Amino acid sequence: MSVHDDLTSVQRCLDDLNRSVSRLEQQLGSGGLDIRRVRTDCDHLRESVALLRAAASAPAAQKRPDLVTIPDTPYDDSLWIDTDDEGLGARDRRAP
């Protein structure tokens, strides 16, 4: 199955879940904390699937970040003036 087919299947399942939660709300009332939590969770799932669908439909070129080439040449020593060596302290003092 493709991603689109999987997302469509998940959407159908969420639609079924939404209908079932609506029936439960009618039977139990919508004032209880438990049913409100279930409704909120169902809504969050619907939003998450919508975000997944939007991410899946975005062009692949936008998903991949630009690569940055790091040169093999050593860094300029002037970058390290006034710095401490980790675990060794300052350059002009003895290590502990």
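Helix H1 is followed by Gly 29, whose phi is positive, near 90°, where helices (H or I, at least four residues) and strands (E, at least two) are DSSP runs numbered from the N terminus. The model is a predicted one, in which local features require pLDDT of at least 70 and side-chain atom pairs count only at pLDDT 80 or more, while totals for chains, interfaces and linings use all residues. Residues are numbered from 1 along each chain as its sequence is written, and side-chain values use heavy atoms, with hydrogens and water left out.

The chain has three helices and two strands, and from the N terminus on these elements run in the order α-α-α-β-β. Of the 96 residues in the chain, 8% are buried, a term that denotes under 20% relative accessible area, with exposed meaning over 50% and partly exposed in between (1.4 Å probe, protein chains only). Among contacts (heavy atoms within 4.5 Å) between residues at least 6 apart in sequence, 48% join residues at least 24 apart.

Helix H1 comprises residues 3-28, and its 26 residues reach 36 Å from the first C-alpha to the last, close to the 38 Å expected at 1.5 Å a residue, the expected span being 1.5 Å times one less than the number of residues. For the 25 residues of H2, the end C-alpha atoms are 36 Å apart, which agrees with the 36 Å that the helix should span at 1.5 Å a residue.

Leu 7, Leu 14 and Val 21 are buried in H1, and what covers the buried residues of this helix includes H2 (33-57). In H2, the buried residues are Ile 35, Arg 39, Cys 42 and Val 49, and these pack against H1. Leu 14, which lies in helix H1, counts as buried because its relative accessibility is 7%. Leaving aside neighbours within four places in sequence, Leu 14 is in contact with Leu 45, Arg 46 and Val 49; Leu 14 and Asp 43, 29 residues apart in sequence, are 9.3 Å apart in space, C-alpha to C-alpha.

Two packed helices are described by the angle between their axes and the distance between the axes. H1 and H2 pack at an angle of about 165°, with their axes 10 Å apart, where axes are lines fitted to C-alpha atoms, for helices over the stretch in contact, and angles run from 0 to 180 degrees between N-to-C directions. H1 and H2 are therefore roughly antiparallel to each other, a description that applies to angles over 145 degrees.

Key. Parallel < 35°, antiparallel > 145°, perpendicular 65-115°, else oblique.
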